[in-house]
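The following note sets out numbered points on the model shown below.

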Amino acid sequence: MTKGDILEKDEKLAEERTYLSYERTMLAYFRTAFAALLFGFALIKLSQSETVIYVGGFLIVLGVFFFVMGLYYSPLIKNIRDYHHSIR
């Protein structure tokens with residue numbers, strides 16, 4: 001095994017780690033969005049106070065924001081994967 005083979009293998013592993021980190025970030029955005037939406041709806045449904053209803057509404061808006069951010073990351077992941085496969 002030559003030094004060039006080792007470097008090529010390291011580059012492939014680095015690309016895979018980068019892809020997986022983007023995927024984890026996207027999934028974290030979706031997970032956070034789901035939790036914020038769920039908690040926001042629960043606060044609105046179970047609360048009697050007007051202030052708590054506003055907090056629940058804010059959490060719903062925040063959940064939608066995180067969901068959109070997760071959708072933003074989704075094409076980035078596909079573009080990264082396609083780019084790395086095209087240069088090989």
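1. Basis of the values. This is a predicted model, in which local features need pLDDT of at least 70 and side-chain atom pairs count only at pLDDT 80 or more, while totals for chains, interfaces and linings use all residues. Residues are numbered from 1 along each chain as its sequence is written, and side-chain values use heavy atoms, with hydrogens and water left out.

2. Overall composition. The protein chain has two helices and zero strands; both kinds of element are DSSP runs, numbered from the N terminus (helices: H or I, at least four residues; strands: E, at least two). Of the 88 residues in the chain, 22% are buried (buried means under 20% relative accessible area, exposed over 50%, partly exposed in between, with a 1.4 Å probe and protein chains only). Where contacts join residues at least 6 apart in sequence, 65% of them join residues at least 24 apart; contact means heavy atoms within 4.5 Å.

3. The loop residue Ser 47. Ser 47 is located in the loop between α1 (3-46) and α2 (50-86). Is Ser 47 buried or exposed? Ser 47 counts as buried because its relative accessibility is 14%. A polar atom of the Ser 47 side chain lies 2.8 Å from the backbone oxygen of Leu 43. When residues up to four places away in sequence are not counted, Ser 47 touches Val 52 and Ile 53.

4. Aromatic pairs. The structure holds three aromatic pairs (rings of Phe, Tyr and Trp, the last by its six-membered ring, pair if their centres lie within 6.5 Å; planes under 30 degrees apart count as stacked, over 60 as edge-to-face and the rest as tilted). One of them joins Phe 30 and Phe 67 in a tilted arrangement, at 5.3 Å centre to centre and 50° between the planes. This pair links distant parts of the chain, with Phe 30 in helix α1 and Phe 67 in helix α2, 37 residues apart. Phe 30 counts as partly exposed because its relative accessibility is 24%, and Phe 67 is partly exposed at 39%. Tyr 29, Phe 65 and Phe 66 form one aromatic cluster.

5. The nonpolar core. Which residues make up the largest nonpolar core? The five members are Met 26, Tyr 29, Ala 33, Phe 66 and Tyr 73; such a core is a set of buried Ala, Val, Leu, Ile, Met, Phe, Trp, Tyr and Cys residues joined through side-chain atoms within 4.5 Å. At least two residues of this core come from each of α1 and α2, and α1 gives the most, with three. Apart from neighbours within four places in sequence, Tyr 29 is in contact with Phe 66, Met 69, Gly 70 and Tyr 73.

6. Gly 63, found in helix α2, counts as buried because its relative accessibility is 0%. Its contacts, leaving aside neighbours within four places in sequence, are with Ala 33, Ala 36 and Leu 37. From C-alpha to C-alpha, Gly 63 and Gly 40 are 8.4 Å apart in space, and 23 residues apart in sequence. Leu 62 also lies in helix α2, but is partly exposed, with a relative accessible area of 27%. A separation of 9.2 Å is found between the C-alpha atoms of Leu 62 and Thr 32, 30 residues apart along the chain.

Notes:
Polar contact = N/O pair within 3.5 Å; in protein donor to acceptor, adjacent residues only side chain to side chain.
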